Amino acid sequence: MNLSGKRGVVLGVLNKKSMAAACASRLMSAGAEVICSYLPVKGDEERRHILATRAIPGIPPEHMLPCDVTNDNSIENFFNAVAKSFGEIDFIVHGISLIS
């Protein structure tokens, strides 16, 4: 699979075991540029960012952004940041899941 020149979004990175992290890693190894989201938790934002970024080897830290999909403002802020960095995107991967 050759995704050179393609840009997209992967939603829902939690840690190295998350489906979203595996998808983002595979997309990047195929040549795509990705911006990923992680769920911000008040008071734990920095640690969450670090864990999510470490889950995907080679992703620039500025390509790991907070996004709470239960909050319209958070979604808007996330996609505005994506548009600022990438302009148009070629794909979206919804990798958000519930852990219980």
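The legends below describe close-up views of a predicted model.

Local features need pLDDT of at least 70 and side-chain atom pairs count only at pLDDT 80 or more, while totals for chains, interfaces and linings use all residues. Residues are numbered from 1 along each chain as its sequence is written, and side-chain values use heavy atoms, with hydrogens and water left out.

**View 1. The open sheet has four strands in the order E3-E2-E1-E4, with parallel pairing.** Strands (E, at least two residues) and helices (H or I, at least four) are DSSP runs numbered from the N terminus. Two strands pair if DSSP finds at least two bridges between them. Strand E3 (64–66) and E4 are the edge strands, each pairing on one side only. From one strand to the next, the twist averages 20°. Axes here are lines fitted to C-alpha atoms, for helices over the stretch in contact, and angles run from 0 to 180 degrees between N-to-C directions.

**View 2. Strand E2 (residues 33–38) pairs with E3 and with E1.** The parallel pairing of E2 and E3 spans three bridges, and Ser37 has Leu65 in E3 as its bridge partner. E1 and E2 are joined in the parallel sense over four bridges, with Val10 opposite Cys36 in E2. Four of the five residues of E1 are buried. Buried means under 20% relative accessible area, exposed over 50% and partly exposed in between (1.4 Å probe, protein chains only).

**View 3. Helix H3 lies across strand E1 (7–11), E2, E3 and E4.** H3 runs at about 160° to E2. Both Asn73 and Ser74 are found in this helix. Asn73 is exposed, because its relative accessible area is 53%. Ser74 counts as buried, because its relative accessibility is 15%. Leaving aside neighbours within four places in sequence, Ser74 is in contact with Pro66, Cys67 and Asp68; contact means heavy atoms within 4.5 Å.

**View 4. Asp90 sits in the loop between helix H3 (72–86) and strand E4 (91–94).** With a relative accessible area of 47%, Asp90 is partly exposed. Not counting residues up to four places away in sequence, Asp90 touches Gly5, Lys6 and Arg7. Lys16 is 74 residues from Asp90 along the chain, and their C-alpha atoms are separated by 24 Å.

**View 5. The largest pocket holds about 420 Å³ of space.** On a 1 Å grid over the protein atoms alone, a pocket is an open set of points where a 1.4 Å probe fits, with protein on both sides within 12 Å along at least five of seven lines; lining residues have an atom within 4 Å of a point. Grid points are joined across faces, edges and corners, and the volume is the space filled by probe spheres set on the points. The lining of the largest pocket has 21 residues, of which Gly12, Val13, Leu14, Leu39 and Ser97 are the closest to its centre. E2 and helix H2 (45–54) each supply at least two lining residues, and H2 gives the most, with four. By class, the lining has eleven nonpolar, seven polar and three charged residues. Ala, Val, Leu, Ile, Met, Phe, Trp, Tyr, Cys and Pro count as nonpolar, Asp, Glu, Lys and Arg as charged, and the others, Gly among them, as polar.
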